[in-house]
Amino acid sequence: MSVLFPLSVTVGQIHIPTRSHSQLVILMLDQDHLASPFDSQGNGQVAPALRLLIMGQKRTGKSSVGNTILGRDAFNTWGGADNAVAHGESGGRQLMLVDACGWGTNENLFPKQEKLELINALSLCEPGPHILLLVIPLLYFSHSEKAALQKRMEILTEGVWRHTMVVFTLGDRLRNYSIQDHIQTAGKDLQWLMEKCRYRYHVLNNKMPQDRQQVSGLLDRAEDMLMENGGWHFSLHMYCRLEEEWSRREREMKERILERQDRVGKTSRGLAVVPNHSQKGGVHVNDTLVKLVYHG
């Protein structure tokens, strides 16, 4: 029996287009735990803060990104600090920022403590971050850096990429060189990253925190992403359940295919093909004459 999925669903008073089966499953799985930033708009209430989780390797300017966004020294930039939370406002937008602990460059090492810190950073954004800002310096993005990043993002499931924007730091290095040129010439590992986050990126120059236009551009892009995701935040619990559901369906599909192949095999083994020399150009299959037609 085929199942038809609606083009849109309504959760509460919010009308949400379901562009894919997976998005509908997400809504079915966890709609009671999701909070849209648009829920309170139109009711005379202040919209909740935009929750941003800043993550990346150590010494990438990650904490400085948070300070630039907030326009003040909210995070320790000396490194080695624990996960930190700061609230503020920029351009009339209420913001909540979590500066997650940075990770090392060893692609083969992912300590248990790092995993716990990453999960803890998510919990500080309760019920979940709207956008994850992945900080990457405008330098060469190496294969080892890609491998280290992959290990961390796998913990968060494939669904995390829907909510991830790359923030390029060291924006002052561009000068007369465009970011598009940098992406095109930086190699296949950066191309992989761009494809994963659907080319959603922004450039920041942390040396010019007084340039609020660059911050407004980043927040505009973040809100666009939020709209693309139907207003929903990232929930690790939700995406884990979604992956379990897809794995279950994949197993069931494979079992049905194997059963079908087994039935076809038994049917073909039950067919007896006997040459019929009395009828030119034909053979008998289980007493049924099958005429053969030859071309050329």
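This is a predicted model: local features need pLDDT of at least 70, side-chain atom pairs count only at pLDDT 80 or more; totals for chains, interfaces and linings use all residues.
Let's start with the helices. Two packed helices are described by the angle between their axes and the distance between the axes. Here the pair is H4, covering residues 143-155, and H6, covering residues 188-196; their axes come within 9 Å and cross at roughly 30°. Angles under 35 degrees count as roughly parallel, and H4 and H6 are therefore roughly parallel to each other. As for the handedness, H4 passes H6 in a left-handed crossing.

So who touches whom? On the H4 side you'll find His143, Lys146, Leu149 and Gln150, and they meet Asp189, Trp192 and Leu193 of H6. Sort the residues of this contact by type and you get 3 nonpolar, 2 polar and 2 charged.

Now for the aromatics, where the count comes to 2 pairs. Trp192, one of the H6 residues in the helix contact, turns up again here. Its ring and that of Trp161 have centres 5.8 Å apart and planes at 85°; planes over 60 degrees apart count as edge-to-face, so that is what this pair is. The two residues come from distant parts of the chain: Trp161 sits in the loop between H4 and strand E7 (164-169), while Trp192 is in helix H6, 31 residues apart. Both Trp161 and Trp192 are buried.

Phe168 and Tyr201 make an edge-to-face pair too, at 6.0 Å centre to centre with 65° between the planes. This pair also links distant parts of the chain, with Phe168 in strand E7 and Tyr201 in strand E8 (residues 201-203), 33 residues apart. Phe168 and Tyr201 are both buried.

Terms used:
Residues are numbered from 1 along each chain as its sequence is written. Side-chain values use heavy atoms; hydrogens and water are left out. Axes are lines fitted to C-alpha atoms, for helices over the stretch in contact, and angles run from 0 to 180 degrees between N-to-C directions. Helices (H or I, at least four residues) and strands (E, at least two) are DSSP runs, numbered from the N terminus. Angles under 35 degrees count as roughly parallel, over 145 as roughly antiparallel, 65 to 115 as roughly perpendicular and the rest as oblique. A crossing is left-handed if the near helix is turned anticlockwise from the far one by less than a right angle, and right-handed if clockwise. Contact means heavy atoms within 4.5 Å. Ala, Val, Leu, Ile, Met, Phe, Trp, Tyr, Cys and Pro count as nonpolar, Asp, Glu, Lys and Arg as charged, and the others, Gly among them, as polar. Rings of Phe, Tyr and Trp (its six-membered ring) pair if their centres lie within 6.5 Å; planes under 30 degrees apart count as stacked, over 60 as edge-to-face and the rest as tilted. Buried means under 20% relative accessible area, exposed over 50%, partly exposed in between (1.4 Å probe, protein chains only).
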